Amino acid sequence: MQRHAVRPRGASRPVPSRCLGAMLLLAGLAFAGSARAQEAPITSLQDAACRAEAKARVFSIPDPLNLGLREIGKQLYFGCMKRSTRPARHAKTRRHRRR
């Protein structure tokens, strides 16, 4: 059977609030990391531009249907991607035949 060491009266225990604060801090950092990991990596310049546009406009768009910021951001992003993937109209160049 083990005996517990006797603590002197002046010795203090770890304060539970400090441990709780440290645990909350670590949980917050883990959550922030996991939220960041959910985003797919940027694949093109168009993708980066549309992400930046969605992030810039997400707070200025009204939300009467109470969709939330994430859903509004998705709508902005996919709208931008749809706008920018339209085929460009190029002027047709004609080849002149040699006679």
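Predicted model: local features only at pLDDT ≥ 70, side-chain atom pairs only at ≥ 80, totals over all residues.
## The nonpolar core

The largest nonpolar core has 8 residues in all: Cys50, Ala54, Val58, Ile72, Leu76, Tyr77, Cys80 and Met81. Two elements, helix 2 (45-57) and helix 3 (69-84), each give two or more residues to this core. Helix 3 gives the most, with 5 residues.

Leu76 is one of the core residues. Setting aside neighbours within four places in sequence, Leu76 is in contact with Ala54, Arg57, Val58 and Ile61. Ala54 and Val58 also belong to the core.

## The largest pocket

The largest pocket holds about 630 Å³ of space. It is lined by 16 residues, and those closest to its centre are Glu39, Lys55, Arg70, Gly73 and Lys74. Helix 2 and helix 3 are the elements that give two or more residues to this lining. The largest share comes from helix 3, which supplies 6 residues.

By residue type, the lining of the largest pocket divides into 8 nonpolar, 2 polar and 6 charged residues.

The structure holds 1 aromatic pair. A pair of aromatic rings is described by the distance of the centres and the angle of the planes. Here the partners are Tyr77 and Phe78, with ring centres 5.1 Å apart. Their planes stand at 75°, and the cut-off for edge-to-face is over 60 degrees, so this pair is edge-to-face.

Are the two partners buried or exposed? Tyr77 has a relative accessible area of 18%, so this residue is buried, because buried means under 20%. Phe78 has a relative accessible area of 54% and is exposed, because exposed means over 50%. Tyr77 is also a member of the largest nonpolar core.

## Arginine 51

Which helix holds arginine 51? Arginine 51 is found in helix 2. Its relative accessibility is 17%, so arginine 51 counts as buried.

Apart from neighbours within four places in sequence, arginine 51 is in contact with Glu39, Ala40, Pro41, Ile42 and Tyr77. Two of these contacts link back to earlier sections. Glu39 is among the residues closest to the centre of the largest pocket, and Tyr77 is a partner in the edge-to-face pair.

Notes: Residues numbered from 1 in each chain as written. Heavy atoms only, no water. Core = buried A, V, L, I, M, F, W, Y, C linked by side-chain atoms within 4.5 Å. Buried < 20%, exposed > 50% of the residue type's maximum accessible area, 1.4 Å probe, protein only. Helix = DSSP H or I, 4+ residues; strand = E, 2+ residues; numbered from the N terminus. Contact = heavy atoms within 4.5 Å. 1 Å grid on protein atoms, 1.4 Å probe; cavity = no way out; pocket = protein on both sides within 12 Å on 5 of 7 lines; lining within 4 Å. Points joined across faces, edges and corners; volume = space filled by probe spheres on them. Nonpolar A, V, L, I, M, F, W, Y, C, P; charged D, E, K, R; others polar. Phe/Tyr/Trp six-rings, centres within 6.5 Å; stacked < 30°, edge-to-face > 60°.
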